[in-house]
Amino acid sequence: MKTINDYNFENKKALIRVDFNVPQDENLNVTDDTRIKAAKPTIDKILKDGGAVILMSHLGRPKGEFNDKYSLKHIAPKVSEILGVNVIVANDVIGDDAKEKVANLKAGEVLLLENVRFHNEEENGDKDFAKQLASFGDIYVNDAFGTAHRAHASTAIIAEFFPENKCFGLLMEQELVAINKVLTDGEKPVTAVLGGSKVSSKITIINNILPAIDNLIIGGGMTYTFVKANGGKIGTSLVEDDKLDLAKEILAECEKHNVKVYLPIDNVVADDFNNDANSQTVKSDEIPDNWMGMDVGVESSKNFAEVIAASKTILWNGPLGVFEMPNFAKGTIALGDAIAEATKNGAFSLVGGGDSVAFVKQFGYDDKVSYVSTGGGAMLESLEGKELPGVAAILK
């Protein structure tokens with residue numbers, strides 16, 4: 001696996017695919033700069049070597065045409081602030097302005113090209129578009145894990161034009177190492193915590209990680225499909241009635257792989273889907289009619305904490321309850337506390353997937369776990385065992 005540490009960038013122009021698809025407010029100010037900060041170590045290394053940096057990124061879904069709302073010029077001030085370098089901004093991607101600014105770029109300077117998705121050719125994986133982009137750099141660096149699952153021009157196709165001079169950035173390396181720590185190199189016992197609403201969206205992940213894990217903790221809305229499949233009463237809780245047989249099959253597969261499954265034994269239930277609804281704690285398989293499961297109960301949290309305390313490697317994907325409502329966030333907070341404590345005691349913990357990442361950031365656990373993935377879809381496809389085009393293109 002070649003990374004930027006295998007190259008000296010002195011007097012070289014590094015063409016870096018970054019993921020600066022960051023959230024903005026109504027005035028187009030960046031509201032979460034995590035992804036920009038994550039790319040900084042790679043950019044710093046290249047500048048320190050005496051190289052020049054050309055950044056490529058997308059922002060939003062402009063559908064192949066210019067839209068000022070999605071222009072990268074709006075995020076350039078934040079990029080400049082984080083890098084501590086005045087970032088030059090091109091008015092286009094492969095047009096005259098970009099060509100001129102690339103030609104004039106000197107060592108130690110950073111150029112940000114315009115949004116690559118202003119061209120349909122980007123998402124279509126157009127070879128000619130990739131070739132024009134490739135002409136800008138001496139070395140291609142992919143540091144955009146968040147888009148590594150897309151075979152786009154700037155994430156995968158472009159690598160063909162750098163047969164010898166292509167590598168991963170430091171963020172990509174961290175992401176791949178973290179996933180391998182769970183799937184192949186994890187110190188045992190390995191525990192996976194899977195939450196979220198649907199069994200159907202997690203089935204491929206479960207099937208792929210079973211050979212690697214020792215314990216599977218299940219929470220969130222998909223709990224109730226398993227409980228109902230086992231003959232329990234779930235009231236009006238979220239359920240996939242067409243996946244009851246699948247839930248049974250998953251439990252049978254877990255048994256086959258000697259994976260211990262931990263489902264909630266008690267749940268906090270409510271008579272309506274809102275924070276101020278009436279609530280009570282009941283056994284998970286005895287939820288009264290017209291009540292719905294909203295969170296795991298205290299006894300379940302204790303059970304889960306014991307499993308996590310004994311684990312050396314932990315994967316967390318998905319909350320255990322409706323954490324957006326404070327009254328139903330307690331189970332997910334207790335889980336966060338347990339994982340933070342295990343991490344402090346030497347376990348490796350990886351958090352990935354949109355809702356889990358949102359939770360750890362909102363509740364301040366992001367610096368209490370080993371690694372928080374920056375790539376939602378890419379992370380999930382890695383866990384499913386799929387080949388990521390952006391990764392495969394560098395390894396070829």
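With which residue does Lys-361 form a salt bridge? The partner is Asp-32, and the closest N and O atoms of the pair are 3.2 Å apart, a salt bridge being a side-chain nitrogen of Lys or Arg within 4 Å of a carboxyl oxygen of Asp or Glu. The structure is a predicted model, in which local features need pLDDT of at least 70 and side-chain atom pairs count only at pLDDT 80 or more, whereas totals for chains, interfaces and linings use all residues. Residues are numbered from 1 along each chain as its sequence is written, and side-chain values use heavy atoms, with hydrogens and water left out.

The chain is assigned domain 1 (4-169) and domain 2 (186-383), the bounds coming from an automatic or database domain assignment. The centres of domain 1 and domain 2, taken over C-alpha atoms, are separated by 36 Å. Between them, 8 residues of domain 1 are in contact with 9 residues of domain 2, where contact means heavy atoms within 4.5 Å. About 640 Å² is buried between domain 1 and domain 2, with carbon and sulfur atoms giving 60% of this area; buried area is the accessible area (1.4 Å probe) that two parts lose on being put together, summed over both. Of the area that domain 1 buries against domain 2, 69% is supplied by Arg-35, Phe-145 and His-149, more than by any other three residues.

The count of salt bridges between domain 1 and domain 2 is 1. Across the same interface, 3 residue pairs, with both residues at pLDDT 80 or more, are in polar contact (a pair of N or O atoms within 3.5 Å; within protein, one must be able to donate a hydrogen and the other to accept it, and residues adjacent in sequence count only if both atoms are side-chain atoms). The side of domain 1 that touches domain 2 is made up of 3 nonpolar, 3 polar and 2 charged residues, where Ala, Val, Leu, Ile, Met, Phe, Trp, Tyr, Cys and Pro count as nonpolar, Asp, Glu, Lys and Arg as charged, and the others, Gly among them, as polar.

His-149 is found in the loop between β5 (139-142) and β6 (166-168), helices (H or I, at least four residues) and strands (E, at least two) being DSSP runs numbered from the N terminus. With a relative accessible area of 12%, His-149 is buried, since buried means under 20% relative accessible area, exposed over 50%, and partly exposed in between (1.4 Å probe, protein chains only). Leaving aside residues up to four places away in sequence, His-149 touches Gly-377, Ala-378, Glu-381, Leu-388 and Pro-389.

The structure holds 17 salt bridges. One of them joins Glu-81 to Lys-78, with the closest N and O atoms 3.4 Å apart; because these residues are 3 residues apart in helix α2 (residues 76-83), they are separated by about one helical turn. Glu-81 counts as exposed at 57% relative accessibility, whereas Lys-78 counts as partly exposed at 21%. In another salt bridge, the closest N and O atoms of Lys-228 and Asp-241 are 2.7 Å apart. Lys-228 lies in helix α8 (residues 223-229) and Asp-241 in the loop between β9 (233-234) and α9 (244-256), so the pair ties together parts that are 13 residues apart in sequence. Lys-228 counts as partly exposed at 32% relative accessibility, and Asp-241 counts as partly exposed at 47%.
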